[in-house]
Amino acid sequence: MRHRSVGPLVAATAATSAAALVAAVLAQPPASGAGAGVEAASSAHGVIRVNQQGYLPGEPKQGRLMSDAAVRGARYRVRNASGRVVLSGPVPAHSTGAWNAAYPAVYRLDLSALHAPGRYRVTTTGGVSARSPWFRVRSAGSIFGTLLDAGVLFDRNQRDGADVVPGPLHRRPSHLLDRHAFLYRWPHMEHGSDLITDRRLHRIGGPVNVEGGWFDAGDYLKFTHSAAYADVLLYTSARMLGRRTPPALLTEARFGLRWLSKMWRPRSRTLLVQVGIGSGNRAGTFRGDHDGWRLPQADDRDTRHVDRFVSHRPVFLAAAPGHRISPNLVGRTSAAFALAAQHDAGGNPARARHELHLATTLYARAALKHRPRPLVTALPHAFYPESTWRDDMQLGAAEIALAAHALGRPAQRYLRDSARFAHAFIGHGSTGDTLNLYDTGALADASLADAMRTVRHGRLAVTRHDLVGDLSAQIQRGIAHARQDPLGAAEPVDEFDANSHTFALVATVGLYDELTHSRRYAGFASLERTWLLGGDPWGVSAMVGVGHRFPRCMQHQVANLSGTLDGTPPLDVGAVVNGPNGQDNFQGGLGGFQDGMRHCAASHALKKFDGQNSRYVDDVRSWQTDEPALDMTGAAIIAAAAQLRIHQHARVPAHLPAARDGAR
C-alpha cells in the first residue's frame, strides 16, 4: 500500500506568457552549473531517450542525449527501418544541464521534421557514441487508442468479486464473503501507520453486501475514495469520446458504478468508505490484508482464526448513520453517479433517474459547515492524505447540473453551487497542485464550463474565463518545472506520483485545448508524453506493455503470482506505476521478500541513472516506485481520451473486446 503525499510545485512567473514558457521548454536554454561547464571530451558515451511508443506526424518531437561527458561538434542521424538516413543535425553546443555524476551533460535532439509514418532509430557520431531504441511515427488513433485500451484492461484486471475476467492473469472469483460483511467501529492506529493498537475490532452493524468493485492497487483493499475517482475518469473519458468510446471502457465504468451503488445507502443515509484493513494489530491477535502475499481467491478459503478479518473483511462507515459526510467523498462519488445518469439519459431514462437520485441524495449530505478533520479518505488517513474538498464539490455539483438538464429536471441550483465552490477553490482553497487523486480541480473546471454552456443561467460566481485561466495556471506550473529539468520532467521526480501527475497534465492540456479551440500547449503535451513513455532518465515507460522497456517486477500480488510454468510472470498490461521517487523513501533498503513472493528484481541496470535525489527501482519489494494503482492508470486513460478528442478524425482501434457486464 502506498503512503503518498502531495508536495509543492514550482510556480510559473506571473509575467511570463504561456507561449513563451512552452517555447522555453522546447528550446531548453543553456543551464548554469555542472552540466554547462564541463569541458568537451574527444570520445564520450551516452544513451538516447525517446518516446518508445511513438510520436504523431505533425507534433513537435524531442529526444534527449545523456552523455558521460560534454561534447562539441557531434551530430545525430535518424535512420528508417531500411537503414536510410532521413534526418540529421548537429547536437546542440549547450547542455540542458547535468542529470547525475555519470551523465553530467544532457542535450536536446529535435526530431520534429519526422512526419512520415514509420520506424526510426537515432544514432550519434563525432565525439559521442549513442543509439536510441527503435520508435515509430504513427497516427493519433494508434497512439492514444493503445493507451486507452491498455488502461481499461488494467482496470478489468483489478476486479474483485464474482464478475472477474480470467484473462492472461488467470483471474478467479474472489472475496465472495464480502456479500455478507459486517460493519465495525473505526479502530485506533499507531500515528502515521496502519498498525491497529486495539486488541479487538468492535462490530456495530451489518450484514452488508460489498462484493465486487476494484482492488485499489497491488493489494486487495477497496476504497470508495479511489474507486469513485477512477469511475469519474472512465465516465468522463466516455463523454469526451462519444460514439467512439470503446465498449470495454463503458462496461468497466458500469462495473465500478455498481459497487459504488452498494457503498451509498440513501435509506440509512450512510456511505461506506472501506473494505478490509491494511495491517493487523500490535498484539498479534488478528492479521490484515498486508500481512500475507497470496492470490485473492485464497482469502475465502482461509479459516485460520488469526486471519478472520482477511477472509471476513470488515467494512467501515464514512460517518455515523444520519451524520453529515466528508465533502470530498460526497463530491466525487455524487459526480460518478451523475456522470452515469448523463450517459443513460438517452437510452435508459429510468436507470438515469435512479442514478440522479443517488447523486442528489448523497450531495445533500455533505458536511460543509462542520467538516471532519482530517477529511475522510481511508483508514488510516495517511494512505490517502487529501486536504481539499471544494474541488470535489464543484465537480459533483457541475455533473449533477448536467445530468438534471439531460433528464429535464431543474439544474440551475447545482450550477450556482458549482460556481460558488469554484470561486472559493480558485481564490483561496487551491493547493497549487495539478490534477490527481487529491485534486480534481481540472476536471471540475472543464465540467463546470460545459454546464455553463448547457444550462441557462444568470450571473454566476465565476466566468468561463476564470475556469480557462485556472486550467492554464495548472499547465504553466508543469511547464515551469519542465524548464528547469534536464530531461523536461513536469513534476518533481523525488516525490510520489510523478507518473500520474504527468499523465494528468497531458489530460489537462486536452481539456484546455477543447475549451479554447487552440493547440497552445501541444508541444508541452508531446514533451511530457515522451518523458512518460521512455524519455525519462531511466528509459523506462510508465505503462506496462507500452514501449520497449517497462516495469517487469511490479509490487502487485496477482501479477507476481499468476506466472507460467517456467516462472515468467504474465504482463499486467496497462498498469501505470508510481515511477521515480525520492531517495529518502528508500532509507533502510527494500527489506526482505515477503513469504509467498516470487523473487523478481530487474533494477541492476537502472541504478546508474538515479539522480537529482531520486531513484527508480524495478523490484517486487519496491512499493515506492513499482506499485500500480487505479488512479495512476486512470490518469493515462483520461489523458488518452482528452488527446483523442482533440484529434477528432483519429480512428480508435477496436483492440479490446468488451467483457461481460454481469447483471445490469
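**A first look at the salt bridges, a helix and a pocket**

Arg-420 and Asp-417 are joined by a salt bridge, with 2.4 Å between their closest N and O atoms. Both sit in helix H9 (residues 412–429), three residues apart, so about one helical turn separates them. Please keep in mind that this is a predicted model. Here is a short tour, starting with that pair.

**Salt bridges**
- Arg-420 is partly exposed, at 48% relative accessible area, whereas Asp-417 counts as buried at 10%.
- Arg-529 is buried at 4% relative accessibility, and Glu-59 is buried at 9%.
- Arg-332 pairs with Glu-386 in a salt bridge of 3.1 Å between the closest N and O atoms.
- Arg-332 lies in helix H6 (residues 327–344) and Glu-386 in the loop between helices H7 (349–363) and H8 (390–406), so the pair connects parts 54 residues apart in sequence.

**An enclosed helix**
- Helix H16 (residues 630–646) has 17 residues and reaches 24 Å from its first C-alpha to its last.
- Of its 17 residues, 17 are buried, so H16 is largely enclosed by the rest of the structure.

**The second largest pocket**
- The second largest pocket has a volume of about 240 Å³.
- Its lining has 17 residues, with Trp-186, Ala-378, Leu-379, Pro-380 and His-381 nearest the centre.
- That lining divides into 11 nonpolar, four polar and two charged residues.

Conventions
Residues are numbered from 1 along each chain as its sequence is written. This is a predicted model: local features need pLDDT of at least 70, side-chain atom pairs count only at pLDDT 80 or more; totals for chains, interfaces and linings use all residues. Side-chain values use heavy atoms; hydrogens and water are left out. On a 1 Å grid over the protein atoms alone, a cavity is a set of points where a 1.4 Å probe fits but cannot get out, and a pocket is an open set with protein on both sides within 12 Å along at least five of seven lines; lining residues have an atom within 4 Å of a point. Grid points are joined across faces, edges and corners, and a volume is the space filled by probe spheres set on the points. Ala, Val, Leu, Ile, Met, Phe, Trp, Tyr, Cys and Pro count as nonpolar, Asp, Glu, Lys and Arg as charged, and the others, Gly among them, as polar. Helices (H or I, at least four residues) and strands (E, at least two) are DSSP runs, numbered from the N terminus. The expected span of a helix is 1.5 Å times one less than its number of residues. Buried means under 20% relative accessible area, exposed over 50%, partly exposed in between (1.4 Å probe, protein chains only). A salt bridge is a side-chain nitrogen of Lys or Arg within 4 Å of a carboxyl oxygen of Asp or Glu.
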